[in-house]
Amino acid sequence: MSQEFIDLVQQEADKLDWVKATTFGQKGEEQGLSSTRRSNVKWLNGQAEISSTLWGFIQAANQQLDVDVVNRADVQFTQYDSDDEGFYGQHHDVNWENPEPHDRKISISIFLSDPSTFDRRNFP
């Protein structure tokens with residue numbers, strides 16, 4: 001990824017407010033949300049250049065994996081705050097209650113943290 005693209009992602013995210021992250025089917029803390037995910041998100045939907053660039057990576061992965069990806073998922077900009085012990089544990093990237101015929105088949109993560117301040121040893 002180019003530094004220019006990373007800067008664009010950061011600039012677009014800076015325009016938005018943080019929202020407490022949830023998972024499919026979760027209704028709140030009382031249903032165990034904290035045991036699955038503790039993070040904040042911003043949704044970068046409608047950012048054509050960002051979506052288009054990421055879609056190119058998804059299509060390249062799709063050619064290698066042959067899983068028939070046909071639909072673009074929403075773009076999440078996620079913050080895992082160490083002060084809040086942020087994490088995202090094992091989970092399904094499928095919304096079992098969604099009537100649409102498409103599910104997320106490929107996910108990509110792009111680390112925007114300064115490598116000198118980020119410990120990747122615990123990333124699965």
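Two residues are said to be in contact when heavy atoms of theirs lie within 4.5 Å of each other. Among contacts in the protein between residues at least 6 apart in sequence, 68% join residues that are at least 24 apart. The structure is a predicted model, in which local features need pLDDT of at least 70 and side-chain atom pairs count only at pLDDT 80 or more, while totals for chains, interfaces and linings use all residues. Residues are numbered from 1 along each chain as its sequence is written, and side-chain values use heavy atoms, with hydrogens and water left out.

The protein contains 3 helices and 5 strands, where helices (H or I, at least four residues) and strands (E, at least two) are DSSP runs numbered from the N terminus. Read from the N terminus on, these elements follow one another as α-β-α-β-β-α-β-β. Of the 124 residues of the protein, 22% count as buried, a term that stands for a relative accessible area under 20%, whereas exposed stands for over 50% and partly exposed for values in between (1.4 Å probe, protein chains only).

Helix α1 is formed by residues 3-14, and its 12 residues reach 16 Å from the first C-alpha to the last, close to the 16 Å expected at 1.5 Å a residue; the expected span is 1.5 Å times one less than the number of residues in the helix. Within α1, the residues Phe5, Ile6, Leu8, Val9, Glu12 and Ala13 are buried. Seen down the axis of α1, these buried residues fall within an arc of 155°, so they line one face of the helix, the arc being that of the directions from the helix axis to the C-beta atoms. An α-helix has 3.6 residues a turn, so residues three or four places apart point the same way. The face of α1 that is turned away from the buried side carries the exposed residues Gln3, Glu4 and Asp14, while the buried residues of α1 pack against β3 (40-43), α3 (48-65) and β4 (76-79).

Helix α3 has 18 residues and reaches 25 Å from its first C-alpha to its last, which is close to the 26 Å expected at 1.5 Å a residue. In this helix, Ile50, Leu54, Trp55, Ile58 and Asn62 are buried. They cover an arc of only 120° around the axis, which puts them on the same side of α3, and on the other side of α3 the residues Glu49, Gln63 and Gln64 are exposed. The buried residues of α3 pack against α1. Just after α3, Asp66 takes a positive phi of about 55°.

An open sheet of 3 strands has the order β1-β3-β4, with antiparallel pairing, two strands being paired if DSSP finds at least two bridges between them. Strands β1 (19-20) and β4 stand at the edges, each with a single partner strand, so one side of each is left without a neighbour in the sheet. Strands β1 and β3 are joined by 2 bridges, in which Val19 has Val41 of β3 as its bridge partner and Lys20 has Asn40 of β3. Between β3 and β4 there are 4 bridges, and the bridge partner of Trp43 in β4 is Gln76.

Strand β3 is also the place of Lys42, a residue that is buried, with a relative accessible area of 6%. Lys42 and Leu16 are 26 residues apart in sequence, yet 6.4 Å apart in space from C-alpha to C-alpha. If neighbours within four places in sequence are left aside, Lys42 is in contact with Ala13, Asp14, Leu16, Asp17, Trp18, Val75, Gln76 and Phe77. The side chain of Lys42 also reaches the backbone oxygen of Ala13 at 2.8 Å.

Side chains of opposite charge can pair when their charged atoms come close. The structure holds 1 salt bridge, defined as a side-chain nitrogen of Lys or Arg within 4 Å of a carboxyl oxygen of Asp or Glu. This salt bridge is formed by Lys15 with Glu12, the closest N and O atoms being 3.1 Å apart. Leaving aside neighbours within four places in sequence, Glu12 is in contact with Leu44, Gln47 and Ile50.

Note on methods:
A polar contact is a pair of N or O atoms within 3.5 Å; within protein, one must be able to donate a hydrogen and the other to accept it, and residues adjacent in sequence count only if both atoms are side-chain atoms.
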